[in-house]
Amino acid sequence: MTRAIITVVGKDTVGIIAKVCTYLADNQINILDISQTIVQEFFNMMMIVDLTKSVKPFDQLNDELVKIGKDTGVQVKCQLEDIFDKMHRI
Amino acid sequence: MINLQEVIETNKMIEQENLDVRTITMGISLLDCADHDLNITCEKIYKKITTLACNLVQTGEDIAREFGIPIVNKRISITPISLVGSACCRIPGDYVQIAKTLDRAAKDVGVNILGGFSAIVSKGMTQSDELLIRSIPMALACTERICSSVNVGSTKTGINMDAVRLMGDIIRQTAEATQERDSVGCTKLVVLCNAPDDNPFMAGAFHGVSEADAIINVGVSGPGVVKYALEQIPDADFELLCETIKRTAFKITRVGQLVAQEASSRLGVPFGIIDLSLAPTPAIGDSVADILKCIGVEHPGAPGTTAALALLNDQVKKGGVMASSYVGGLSGAFIPVSEDQGMIDAVEAGALTIEKLEAMTCVCSVGLDMIAIPGDTPATTIAGIIADESAIGMVNQKTTAVRIIPVIGKTVGDTVEYGGLFGHAPIMPVNTFSSQRFVDRGGRIPAPIHSFKN
């Protein structure tokens, strides 16, 4: 299973999660976990997703997610999970 | 499973604290390119580099994008070229031709620097070594991406003072050959003692003869991350201070280990080592000097600086060693002047002198690095500085280096601007008393007594 972490950071606005989730569903990407918090008025959301059945390659997904973020005025990032695992788990 | 706080912490390190992987360096052996014909040697060198490294830059960019971690430099290190050219080079100009070939190969595969225009002469110089050394000023003046290094001593062999004396002249000639560009050639030339075979950082990187045909070495950095962590505990005692540096170094190095393994498997080239150095850049917040200030000295150079640097260097190693399966290279804290805004500030404030920097090199991973000195500094004085640094390395069984730039036409009070990672530097005063009689004696300084361990 190829897992990635999608983060969304920005001012809280209506429909951020809906847009990202719709996009993921359209591309056969399963959401495994989702959590969010507000830090200093900034909306921080993280999804752990499974890319195994994704219909698009990683680069395209990343570019399109970044674009959805830009259109909504938030920062969206998609990163393979390993970087977080390596840093925070022994 | 990873939680949100951990994700935020990692991304904050990357976005706000300048965490990056400083370099993926592919080490390539060119021993099998040696031929008695210069043109054939050049042809083989070009072909081998462009074949093995053709995907290096693209792979680095892919990894950076997929993991969301900047990989600043993609570089190549090669077998010390005095070994490869020994059968075909008859005059220094022959080595210049090899340098141009290397420059072209580096440009064609898209790497920004290629290191290994080097000679290892810690005990003696072959004719080939000397030819290469004498070609350095011209080679660095007519290439863009080539870095050169000369190893003049080691704990096992002592110091080759003939080479030290010669390098005094060569550094001056390199400065003169590039004087219309503030002697920039000298930023690409380093004189080493106890040079490691697997260092991925420039200008001292080369692919030693103890290495495999090709390997991937990765240099991690992240002084900004350490500084931020220390800012959160301003009044901590030394125990907590050291523990914090160690933990941070561990996290940084784990990222390097991941990148190294990925690069190695994608390129089909074995993983060599992680070099877990704190390497500053001129960017604000990416400074080793700022860490020293966080530890508690007003400016680097103030009394206490050497002790602060010693503990920083040691904790970086302790944290990093746990995080990687193979650690090598220089692994510690770098203290270049022109590449670190905090160091530049310290020099301009009058806090930091070359003599204090020399003391600091006793306890950190490198030596006198990126220091601009007056253009009229005699070659014998430069050789004296090299001898002092080499002695520190030889006796303390560590790597030391000298990368100083006698900026032709400039003197104390002037500054030089190199731009990019090389930064800018005020010209620092050098002790004007003569070293001539000492460096002109010729011969070797014997290896120290503690090197005889057999």
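**Figure 1. The two domains of chain B.** In this predicted model, chain B splits into domain 1, covering 22-193, and domain 2, made of 221-267 + 274-439. If you take the C-alpha centres of these two domains of chain B, they sit 23 Å apart.

**Figure 2. Where domain 1 of chain B touches domain 2 of chain B.** Here 36 residues of domain 1 of chain B are in contact with 37 residues of domain 2 of chain B. Which pieces of domain 1 make up its side of this contact? Strands β1 (21-28), β4 (146-154), β5 (158-160) and β6 (189-193) of chain B each supply at least two residues, and so do helices α3 (56-67) and α7 (161-177) of chain B. Look out for α7(B): with 10 residues, it gives the largest share of the domain 1 side. Sorted by class, that side of domain 1 of chain B has 19 nonpolar, 11 polar and six charged residues.

**Figure 3. Two helices of chain A packed together.** Now we switch to chain A, where helix α1 (residues 16-26) packs with helix α2 (residues 58-72) at an angle of about 155°, and their axes are 11 Å apart. Angles over 145 degrees count as roughly antiparallel, so that is how α1(A) and α2(A) run relative to each other. Their crossing is right-handed.

**Figure 4. Who meets whom between α1(A) and α2(A).** On the α1(A) side you'll find A:Ile16, A:Lys19, A:Val20 and A:Tyr23, which meet A:Glu64, A:Leu65, A:Ile68 and A:Thr72 of α2(A). By class, this helix contact brings together five nonpolar, one polar and two charged residues.

Methods:
Residues are numbered from 1 along each chain as its sequence is written. Chains are lettered from A and ligands numbered from 1 in the order in which they are written. This is a predicted model: local features need pLDDT of at least 70, side-chain atom pairs count only at pLDDT 80 or more; totals for chains, interfaces and linings use all residues. Axes are lines fitted to C-alpha atoms, for helices over the stretch in contact, and angles run from 0 to 180 degrees between N-to-C directions. Helices (H or I, at least four residues) and strands (E, at least two) are DSSP runs, numbered from the N terminus. Angles under 35 degrees count as roughly parallel, over 145 as roughly antiparallel, 65 to 115 as roughly perpendicular and the rest as oblique. A crossing is left-handed if the near helix is turned anticlockwise from the far one by less than a right angle, and right-handed if clockwise. Two residues are in contact if their C-beta atoms, placed from the backbone, lie within 7 Å. Ala, Val, Leu, Ile, Met, Phe, Trp, Tyr, Cys and Pro count as nonpolar, Asp, Glu, Lys and Arg as charged, and the others, Gly among them, as polar. Domain bounds come from an automatic or database domain assignment.
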